[in-house]
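Visitor: I have a chain on my screen and would like to learn how to read it. Could you take me through some of its features?

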Amino acid sequence: MSLLAALGRVSALSTRTRVPTPRAGGEHFYEPSGYLFNEKPLAAGQKRVKDWWEDLYLIFMGGGMAFAAVGLYFKPDTNVQTWARKEAERRLAESGLFQEDE
């Protein structure tokens, strides 16, 4: 018997004798229904009931984006070209070759 045939036999045995083990997700599998998020459309006049986390998600995501926008607006200028220009102007002013326009 060749090595490949032996490996094929071991592989076939291992797949047949596998026992399903519980995993973190469990044995749940939702078949695709064709609807977005597997939610069927509501009848006319009915309102969708929100889950408990949806309002919190909107509040914290909106607040986080507002915080990031304010932080980016007031971020200090750390560009190397800005620093180099200020440093060059300072050195030229010290040597007397540079005069600021007023």
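Guide: Gladly! An unreviewed UniProt entry lists residues 56-74 as "transmembrane region"; UniProt positions are given in the numbering used here, feature names are shortened, and annotations may be inferred rather than shown by experiment. This is a predicted model, where local features need pLDDT of at least 70, side-chain atom pairs count only at pLDDT 80 or more, and totals for chains, interfaces and linings use all residues. Residues are numbered from 1 along each chain as its sequence is written, and side-chain values use heavy atoms, leaving out hydrogens and water.

Visitor: How much of residues 56-74 is helix, and how far apart are the end C-alpha atoms?

Guide: Helices (H or I, at least four residues) and strands (E, at least two) are DSSP runs, numbered from the N terminus. Residues 56-74 are 95% helix and 0% strand, with 27 Å between the end C-alpha atoms.

Visitor: Is E54 buried or exposed?

Guide: Buried means under 20% relative accessible area, exposed over 50%, and partly exposed in between (1.4 Å probe, protein chains only). E54, found in helix 2, counts as buried because its relative accessibility is 17%. M61, also in helix 2 (residues 52-73), is partly exposed, since its value is 37%. Of the 102 residues of the protein chain, 2% count as buried.

Visitor: What does the side chain of E54 contact?

Guide: A polar contact is a pair of N or O atoms within 3.5 Å; within protein, one must be able to donate a hydrogen and the other to accept it, and residues adjacent in sequence count only if both atoms are side-chain atoms. The E54 side chain makes one with the side chain of R48 at 3.0 Å, and reaches the backbone nitrogen of D51 at 2.6 Å.
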